[in-house]
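Biologist: I am new to this structure. Please show me how to read a few of its features.

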Amino acid sequence: MEYYDYLNTYIGEALNSGKFCQHLVLYPFGEIGVQVKQILNWRYGIQEDFIVDENLAQINPRIKSLEYLSGIDTSKCTFIITSDNLACYDEIRMNLRKYVNEKNIFDLFSCKPLVSENPRIASLELAAREIYDRKIQGAVAEAGVYQGKFAAYINRFFKDRKLYLFDTFEGLAEEDVLIDRTRGYTNVSAGRYNGTSVDLVLGRLPFVNNVEIKKGYFPNTTEGIDEQFCFVSLDMDLYQPIKAGLAYFYPKLAGGGYIFVHDCNIGDARYRGPRAALLEFAEQAKVGYVMLPDNATAVITKN
């Protein structure tokens, strides 16, 4: 879906769940604000009460300034924040909260990129913003889900995209572990990471209606899927499944899409397989990658 469709989905969910008051106000009124107005007016037949924008209020008398809010009862309105501009992200929200109670604010972009926290999660969110901004099409996927902590972020940042989750849900497969142990890539045992279940993972996900669980041995579980992908996380810990994941997903990756390959850390005696598979694939497919400073996640993109 395009960015317009993302906004439409989010607004539709809010309307259906009764999160909006009868009176709606848009703030501010840039490109995203225009799209939100179109969705409300044209798709749902809802007319906003007024628009707040500090700059436009100086040249358009129908648009209000923030100071205007000090003279009205804001408790009867829902104020929809329509900006994801990182340059003034905090300022926009702080200024509105001077006049409006938190419970009357609906933020379309309530999650600021987590650039100061986990770099893998921050990079995922920034990648999602790039994908929506560039209108890149496709589903999303994770192979190697374990208990679903990273999958929950994928589901959150790509809330309107189909999410495929591949895992044995029984831990590392014996045949894959044998290959890595034979090659000196790992010292872990088969069955590691078996402390999970489909129900546990689904319980973590905020938008389960878009999720399809593929339980079993990868890549056998890809049978019957006919999708293009815009984002894929490969976190299967061992050489053979990572190799299979790159071989399967890269040809299906949309231009401008991303593949995150976890556990590519140099010198990690437990998981040398993912890095070996990454280096082989990069050489054969003639693709480059960059590393994230988490547990050495490699990021591959496609022109």
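Biologist: Is F169 buried or exposed?

Modeller: This is a predicted model. In it, F169 is buried, because its relative accessible area is 5% and buried means under 20%. F169 sits in the loop between strand 7 (163-167) and helix 6 (174-183).

Biologist: What is phi of F169?

Modeller: Most residues other than glycine have a negative phi. F169 is not a glycine, yet its phi is positive, about 55°. K135, also a residue other than glycine, has a positive phi near 55°. K135 belongs to the loop between helix 4 (119-133) and strand 6 (139-143). With a relative accessible area of 43%, K135 is partly exposed.

Biologist: Which residues of helix 3 are buried?

Modeller: An α-helix has 3.6 residues a turn, so residues three or four places apart point the same way. In helix 3 (residues 89-97), the buried residues are Y89, I92, R93, N95 and L96. Viewed along the axis of helix 3, they fall within an arc of 160°, so they line one face of the helix.

Biologist: What covers the buried residues of helix 3?

Modeller: The cover includes strand 1 (23-27), strand 4 (77-81) and strand 5 (105-107).

Biologist: Where is the peptide bond cis?

Modeller: Most peptide bonds are trans. Cis cases include the bond from Y27 to P28, with omega near -15°, and the bond from F218 to P219, with omega near 10°. P28 lies in the loop between strand 1 and helix 2 (31-43). P219 is in the loop between strand 8 (211-215) and strand 9 (229-234).

Key:
Residues numbered from 1 in each chain as written. Predicted model: local features only at pLDDT ≥ 70, side-chain atom pairs only at ≥ 80, totals over all residues. Heavy atoms only, no water. Buried < 20%, exposed > 50% of the residue type's maximum accessible area, 1.4 Å probe, protein only. Helix = DSSP H or I, 4+ residues; strand = E, 2+ residues; numbered from the N terminus. Arc of directions from axis to C-beta. Contact = heavy atoms within 4.5 Å.
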